[in-house]
Amino acid sequence: MTKEHANWSPYDNNGGTCVAIAGAEYCVVAADTRMSSGYNILTRDYSKIAQLADKCSMASSGFQADVRALQKHLEARHLIYQHQHNKQMSTPAMAQLLSNTLYYKRFFPYYAFNVLGGLDSQGKGCVFTYDAVGSYERVGYSSQGSGSTLIMPFLDNQLKSPSPLLLPAKDAVTPLSESEAIDLVKTCFASATERDIYTGDKLEIVILNAEGIRREYMELRKD
Amino acid sequence: MENSSYSLLSSEADSQRTLYPYVTGTSVIGIKYKDGILMVADMGGSYGSTLRYKSVERMKPVGKHSLIGASGEISDFQEILRYLDELTLNDSMWDDGNSLGPKEVHNYLTRVMYNRRNKFNPLWNSLVLGGVKNGQKYLGTVNMIGVHYEDNHVATGFGNHLARPILRDEWHENLSFEDGVKLLEKCMRVLLYRDRSAVNKLQIAKITDEGVTISQPYSLKTFWNFSAFQNPTVGAEGSW
């Protein structure tokens, strides 16, 4: 008597790519707006970026229902934090919360691949990169999702990250200006769109700096 | 409905969980048009490969501002309608002049579907939720694992494969009612030709700020007079 197996999967991959780059006084978080399932495009205009706090944004790709549930969870937790501490959560604090939230479901994971971007309490840009079960690291830049394998090596080449083996640890934050970083992000997505079928339609860029938050959009190939 | 077992893995609980659908409805298509939302679904309820039921209403109004269309397991749809009844009842009992809009109903349905998926006991449906409130049009969809989105046109099942491409080409902002109906009928005709679970008895529903109207059932004209069908064996000699 063997146990019957479910003929449905609780997971789906709705595709998409996310990128984040940290600068001296800014942080750029970007993701495409295509939502797919298998070989179908479900919609061309779905945002994968959530604003968790005033100076903290998260871009997530993977299984959309899990991504949305994760965003709602963190938004709710941030609201409670504000009620209890009378201030916004710092980006490193949110980073730890996200890690703990993901690991909490270690044995039925959120199929979400996240990059968290924001300004730390000194106003410097910070980027945290995650796997699906909460393992995370602060980095100067990162990409996740279906196009990450295409984008990450390019970012490594362009942003000349110092070796993590150096002591004392060298700052990984890029010396690029804000507009140079935005151009770099646009280039990354234009390239990834060429070769990754799940990336395309439109690019959404969120820029966080001392003045606040602003959004930019760029059309991508729709094929 | 809730099982009283202590573990998700015990065999007692297993007999309570959905494994596969039994009586199913096929595609639902929804589009935004000038005055609101247009939605279409046929009236078939298939039992596997048998077209068992031919008068199933797969679209229903929800509250004052919304319309739900469902494909997939019909009994799960009826369950969802009971949930929505409770939701709209509680909403009107507040008696505060406010009523649930389509965005809120869609969000509620998304949470219900996702939470059932988390418990490995899904409602085996793909839902289309459309509506208008205070002049704002809304059209969204959610499926059995909780994947959801809104767009100017949505479709479930085969509709995603056959109707969406037509809609991507021919839908535009501010469609008139007549043009919208023509567009949906074009999509349904293609589905009739190509989806084996489609039946030629459909309803079109319209929702505007004034309210919901669901049409009487009717059929589409189909065309089979292609010359290739007249003499099907022409050119077959010598081939396998």
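Predicted model: local features only at pLDDT ≥ 70, side-chain atom pairs only at ≥ 80, totals over all residues.
**Chain B as a whole**

Let's start with the overall build. Chain B has six helices and 13 strands, and its C-alpha atoms sit in a box of roughly 70 × 50 × 25 Å along the principal axes. Of its 240 residues, 49% are buried. If you look at contacts in chain B with a separation of 6 or more, 63% of them link residues 24 or more positions apart.

**Where A meets B**

Now for the interface. On the chain A side 25 residues take part, touching 26 residues of chain B. Together the two chains bury about 2100 Å², and carbon and sulfur atoms account for 55% of that. Three residues stand out here: Trp8(A), Leu42(A) and Phe108(A) provide 28% of the area that chain A buries against chain B, more than any other three residues.

How many salt bridges are there between chain A and chain B? The count is one. Arg117(B) and Asp66(A) pair up through their side chains, with N to O at 3.4 Å.

**Salt bridges within the chains**

Over all chains, the salt bridge count comes to 20. As background, side chains of opposite charge can pair when their charged atoms come close. Here are a few pairs, with the one across the interface included for reference.

| Pair | N to O distance |
|---|---|
| Asp32(A) and Lys48(A) | 3.1 Å |
| Lys222(A) and Glu219(A) | 2.7 Å |
| Glu79(B) and Arg82(B) | 2.6 Å |
| Arg117(B) and Asp66(A) | 3.4 Å |

Take the Asp32(A) and Lys48(A) salt bridge, at 3.1 Å. Asp32(A) belongs to strand E2 (residues 26-32) of chain A, while Lys48(A) is in the loop between strand E4 (40-43) and strand E5 (49-53), so this pair ties together parts 16 residues apart in sequence. Both ends are tucked away: Asp32(A) is buried at 0% relative accessibility, and Lys48(A) is buried too, at 5%.

The Lys222(A) and Glu219(A) pair has another setting. Lys222(A) is partly exposed, with 41% relative accessibility, and Glu219(A) is exposed at 53%.

In chain B, Glu79(B) and Arg82(B) both sit in helix H2 (residues 74-93), and because they are three residues apart, about one helical turn separates them.

**A buried histidine in chain B**

His106(B) is part of helix H3 (residues 102-118) of chain B. With a relative accessible area of 3%, His106(B) is buried. Which residues does His106(B) touch, leaving out those up to four places away in sequence? The answer is Leu129(B), Tyr138(B), Gly140(B), Thr141(B), Val142(B), His148(B) and Tyr149(B).

Gly147(A) sits in the loop between strand E10 (141-145) and helix H3 (148-159) of chain A, and it is buried at 0% relative accessible area. Although Gly147(A) and Asp196(A) are 49 residues apart in sequence, their C-alpha atoms are 6.0 Å apart. Beyond neighbours within four places, Gly147(A) contacts Gly16(A), Thr17(A), Asp196(A) and Thr199(A).

Most residues other than glycine have a negative phi. Asn86(A), however, has a positive phi near 55°, and Asp201(A) has a positive phi near 75°. Asn86(A) is in the loop between helix H1 (64-85) and helix H2 (91-104) of chain A, and it is exposed at 72% relative accessibility. Asp201(A) is in the loop between helix H4 (178-195) and strand E11 (202-209) of chain A, but here the residue is buried, at 1%.

Terms used: Residues numbered from 1 in each chain as written. Chains lettered and ligands numbered in written order. Heavy atoms only, no water. Helix = DSSP H or I, 4+ residues; strand = E, 2+ residues; numbered from the N terminus. Buried < 20%, exposed > 50% of the residue type's maximum accessible area, 1.4 Å probe, protein only. Contact = heavy atoms within 4.5 Å. Buried area = accessible area lost by both parts, 1.4 Å probe. Salt bridge = Lys/Arg side-chain N within 4 Å of Asp/Glu carboxyl O.
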